[in-house]
Amino acid sequence: MSLHPMYARPRDLEQASQLLASLSSGAVIIAGGQEIMPFINYGVMMPDVYVDIGGIKALKGVNVNDDEVSIGALTVHRDIQSTEDIVERLPLLAYAAQQIGGGWQVHNRGTIGGNIVSMHPLYDIAPALLALDADVELLSDKGLQRMSLLQLQNDSSHGLGSSSILTKILVKTMLPNVLWGYYKLKNSAGAYGSANAAAVIQMDGEKIKSIRIVIGAVSETSVVISKALDGYLGGAYTLEIGRAIEKVCIDAIDEPLSDQQGDGVWRKAMAGIAARRATEMALSNLTTSSIKR
Amino acid sequence: MEDLLDTSALIQLRVDGEFHELDVLAGRTLLDVLRDDIGKKGTHLGCKTGHCGACTVMIDGKVAKSCITMAATLARAEITTIEGLLDEKGGLHPIQQSFWDEAGLQCGYCAPGIVLSALELVTDNHHPSAEDIELALAGSLCRCTGYQSIKRSVAEACVRMYPANENIN
């Protein structure tokens with residue numbers, strides 16, 4: 001904690017990484033600042049050193065290599081919503097980025113990397129990326145390392161540790177026969193979700209071939225539900241199956257959050273509702289065309 | 001590595017067309033720099049958490065909440081505040097005039113932010129739908145008007161700025 005914090009603007013990734021390795025745990029990484037500045041303003045966080053990675057070119061840009069989309073950690077939400085390669089290849093992610101609160105002001109500066117490393121349970125990006133089984137690339141003093149976002153989330157609920165930098169997010173292009181839905185239950189337009197759900201469904205004609213649902217904003221970390229839904233594969237979707245999926249998702253929530261977004265018992269129930277509505281949105285077949293830039 | 005660290009950072013801002021080179025302390029917000037160092041009092045402090053939008057300014061043509069933007073991170077930037085919208089004679093910008101004419105503000109505390117969000121919208125989109133307007137203004141809270149007159153003001157501004165728009169609404 002410091003009343004006179006220091007500031008550094010490393011030129012490139014190598015310099016940033018060396019700097020972080022040389023500093024104690026009082027250092028924080030800053031780029032858009034949308035996550036960290038409210039805490040600074042209210043004295044909740046008083047870092048010794050700010051390491052500003054906002055100018056590092058290697059962390060910017062969206063690229064496609066074969067069937068994989070690589071998204072630089074500094075890509076802002078506004079670009080996630082509108083970059084052609086993301087809108088066309090990862091429409092679920094583009095749609096989830098539109099659901100982020102705070103308006104254009106926050107979307108213009110908040111970065112996908114900051115959104116992920118904050119590990120905030122109420123945010124919208126993690127459920128979408130987990131539904132797409134995304135990987136992340138990290139740089140630390142041990143070098144570059146690739147791991148699944150799920151592994152990162154489960155390794156620690158406190159982010160990456162102060163010596164690592166999240167450099168990019170890697171996501172496989174969604175196949176044309178994959179349907180998707182995202183439902184955010186919230187009590188006002190710009191509010192955090194009380195229950196968020198992302199659904200990714202693969203169809204074989206009228207029959208459900210695979211289904212993966214991720215519930216956010218209900219527990220400390222997002223909950224991925226896939227194997228528990230195996231019993232509902234192979235048939236067409238009916239309201240009964242929708243209700244059954246709802247129940248599976250409710251049962252998957254062990255320790256629901258109780259906070260300003262609602263009481264735990266209600267949140268657990270709403271996890272099921274959000275999951276069913278995301279599933280129905282996916283099956284309505286309207287999702288790809290409803291993306292609005 | 002120590003030589004990278006300093007308690008302050010040099011930034012170069014062009015604020016409403018005027019060049020400023022400033023040495024700012026780490027952790028200070030753009031809002032504080034604009035109001036206290038440069039004297040742009042039209043940029044308002046509301047919540048300091050990024051919820052209310054009263055502090056909205058444009059950074060390189062894109063709206064941002066200056067209370068949650070750390071000034072040091074803007075090595076070089078073009079800033080537009082509400083004061084920058086006036087013309088050379090001090091006359092109101094067409095968006096401001098529409099807000100005046102259509103009662104788009106009452107107390108006016110949120111208005112600078114909302115006007116700048118509207119400016120970003122109409123710069124890229126001369127024919128915004130009602131939904132486009134709502135989306136563009138979603139980052140600002142107004143506790144007086146109920147939003148209807150604000151949305152009407154933005155639509156009216158589009159008609160005035162781009163007269164081919166007679167048919168919107």
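Is strand β8 of chain A largely enclosed by the rest of the structure or largely exposed, and why? Six of the eight residues of β8(A) (residues 165–172) are buried, so the strand is largely enclosed by the rest of the structure. Here, buried means that 20 or more other C-beta atoms lie within 10 Å of a residue's own; exposed means 12 or fewer, partly exposed is in between, and C-beta atoms are placed from the backbone.

Before going on, some ground rules. This is a predicted model, where local features need pLDDT of at least 70 and side-chain atom pairs count only at pLDDT 80 or more, while totals for chains, interfaces and linings use all residues. Residues are numbered from 1 along each chain as its sequence is written, and chains are lettered from A and ligands numbered from 1 in the order in which they are written. Helices (H or I, at least four residues) and strands (E, at least two) are DSSP runs, numbered from the N terminus.

**Around β8(A)**

Strand β5(A) (residues 68–72) pairs with β8(A) in the antiparallel sense over five bridges, and I71(A) has I169(A) as its bridge partner. Strand β6(A) (residues 135–140) also pairs with β8(A), again antiparallel and over five bridges; there, L139(A) stands opposite I165(A). Two strands count as paired if DSSP finds at least two bridges between them. In general, strands of a sheet pair through backbone hydrogen bonds, either parallel or antiparallel.

**The sheet in chain B**

Chain B has an open sheet of five strands in the order β2-β1-β5-β3-β4, with mixed pairing. Its edge strands are β2(B) (18–25) and β4(B) (62–65), each pairing on one side only. On average, neighbouring strands here are turned by 40° against each other, direction ignored. Strand β1(B) (residues 8–15) runs antiparallel to β2(B), joined to it by eight bridges, and A9(B) stands opposite V24(B). Helix α3(B) lies across β3, β4 and β5 (76–80) of chain B, at about 35° to β3(B).

**The core**

The largest nonpolar core has 144 residues, and L92(A), L93(A) and I215(A) have the most contacts inside it. Such a core is a set of buried Ala, Val, Leu, Ile, Met, Phe, Trp, Tyr and Cys residues joined through C-beta atoms within 7 Å. Its largest share, eight residues, comes from helix α3(B) (residues 111–124). Leaving out residues up to four places away in sequence, L92(A) touches several residues, including A128(A), L132(A), W180(A) and V200(A). Contact means that the C-beta atoms of two residues, placed from the backbone, lie within 7 Å.

**Helices that cross**

Two packed helices are described by the angle between their axes and the distance between the axes. Axes are lines fitted to C-alpha atoms, for helices over the stretch in contact, and angles run from 0 to 180 degrees between N-to-C directions. Here are two pairs:

| Helix pair | Axes come within | Crossing angle |
|---|---|---|
| α2(B) (residues 94–101) and α3(B) | 10 Å | roughly 125° |
| α10(A) (residues 239–251) and α11(A) (residues 264–283) | 8 Å | roughly 140° |

So α2(B) and α3(B) are oblique to each other, and α10(A) and α11(A) are therefore oblique as well. The cut-offs are under 35 degrees for roughly parallel, over 145 for roughly antiparallel, 65 to 115 for roughly perpendicular, and oblique for the rest.

The crossing of α10(A) and α11(A) is right-handed, and α2(B) passes α3(B) in a right-handed crossing too. Right-handed means that the near helix is turned clockwise from the far one by less than a right angle, and left-handed means anticlockwise. Between α2(B) and α3(B), the contact is made by I95(B), Q96(B) and F99(B) on one side and A111(B), V115(B), A118(B) and L119(B) on the other.

**Where the chains meet**

The contact takes 32 residues from chain B and 32 residues from chain A. On the chain B side, β1, β4 and α3 are the elements that give two or more residues, and β4(B) gives the most, with four.

Most residues other than glycine have a negative phi. D133(A) has a positive phi of about 55° although it is not a glycine, and sits in the loop between α8(A) (125–131) and β6(A). Y147(B) has a positive phi near 75°, in the loop between α4(B) (130–137) and α5(B) (148–161).

K41(B) lies in the loop between α1(B) (30–37) and β3(B) (56–59). With 13 C-beta neighbours inside 10 Å, K41(B) counts as partly exposed. The C-alpha atoms of K41(B) and I82(B), 41 residues apart along the chain, are separated by 9.2 Å.
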